[in-house]
Amino acid sequence: MTNRMWMQGVEWLAAASADPRACKWEWDHGEGVSLLEAGRFWDVLSVPDRLGLLTLDLLWRPPLPVPGPTLVDSASRRVGFFLPPDPSGGWIGGGLRYAGKGAWVAVPPPYRPTRFLEWLVPPDGSGALHRPATLESALREANGALAVLRPVSDDQ
């Protein structure tokens, strides 16, 4: 990712903050994480990490477009897919969590990981997000694949 794309990604993400300057300051000088409100520019669908990582891998297949912004939280072992805002938030399923209007999401800057948060696909500033139908299809395929695999350990 080029510096220009990083800067565009920074501006795009910070625009979701009530105070974009404070958001950027927190990324560079504070804890490195900013709480941003979902529901205005994007929503986030969070899934267990095994499902999310396999889903993201499936989303990289041609001829699909480059996947939208995707965040991994290694502490909670979850992957978050950034989607267009959806007032109905109609995502249901075991282990799925949906952050829409009124929810807050901890977000690192697009140019580096912070503590346990890291961008797998950082925002490029274009506003491109995951396409809900494409993401749903990849989630179903990944879930089907995981259903036939033996769990790696009892805690998964």
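**View 1. Serine 46 and its neighbours in a predicted model.** Leaving aside residues within four places in sequence, serine 46 is in contact with Arg78, Val79, Gly80, Gly95, Leu96 and Arg97, and the structure in which these contacts are seen is a predicted model. Serine 46 belongs to strand 2, which covers residues 43-48. With a relative accessible area of 16%, serine 46 is buried, because buried residues are those under 20%. The side chain of serine 46 is joined to the side chain of arginine 78 by a polar contact of 2.7 Å.

**View 2. The two sides of helix 4.** Helix 4 runs over residues 132-148, and its 17 residues reach 25 Å from the first C-alpha to the last, which is close to the 24 Å expected at 1.5 Å a residue. Which residues of helix 4 are buried? They are Leu135, Ala138, Leu139 and Ala142, and they lie on the same side of helix 4 because they cover an arc of only 105 degrees around the axis. In general, an α-helix has 3.6 residues a turn, so residues three or four places apart point the same way. Ala133, Arg140, Ala147 and Val148, on the other side of helix 4, are exposed. Strand 2, helix 3 (49-59) and strand 4 (78-83) are included in what covers the buried residues of helix 4.

**View 3. The largest nonpolar core and leucine 36.** The largest nonpolar core has 18 residues, and those that touch the most other members are Leu13, Trp27, Leu36, Trp42, Phe82, Val105 and Val107. Two or more residues of this core are given by each of helix 1 (3-14), helix 2 (20-29) and strand 6, and helix 1 provides the largest share, four residues. Leucine 36, when its neighbours within four places in sequence are left aside, is in contact with Leu13, Ala16, Ser17, Cys23, Trp27, Trp42, Ala103, Trp104, Val105 and Val107. Apart from this core lies another, of 16 residues, among them Leu56, Val79, Leu135 and Ala142. In soluble globular proteins, nonpolar side chains tend to be buried together.

**View 4. The loop between strand 6 and strand 7.** This loop, which holds proline 109, lies between strand 6 (104-107) and strand 7 (117-121). Is proline 109 buried or exposed? At 0% relative accessibility, proline 109 counts as buried, and, not counting residues up to four places away in sequence, proline 109 touches Trp27, Gly32, Thr114 and Trp119. Arginine 115 also has its place in the loop between strand 6 and strand 7, but at 58% relative accessibility arginine 115 counts as exposed. The phi of arginine 115 is near 45 degrees, a positive value in a residue other than glycine.

View 5. The C-alpha atom of proline 62 is separated by 28 Å from that of proline 109, which is 47 residues apart from it along the chain. Arginine 77, in the loop between strand 3 and strand 4, has a phi near 55 degrees, which is a positive value in a residue other than glycine. With 33% relative accessibility, arginine 77 counts as partly exposed. Most residues other than glycine have a negative phi, and most peptide bonds are trans.

Definitions and conventions: Residues numbered from 1 in each chain as written. Predicted model: local features only at pLDDT ≥ 70, side-chain atom pairs only at ≥ 80, totals over all residues. Heavy atoms only, no water. Buried < 20%, exposed > 50% of the residue type's maximum accessible area, 1.4 Å probe, protein only. Contact = heavy atoms within 4.5 Å. Core = buried A, V, L, I, M, F, W, Y, C linked by side-chain atoms within 4.5 Å. Polar contact = N/O pair within 3.5 Å; in protein donor to acceptor, adjacent residues only side chain to side chain. Expected span 1.5 Å × (residues − 1). Arc of directions from axis to C-beta.
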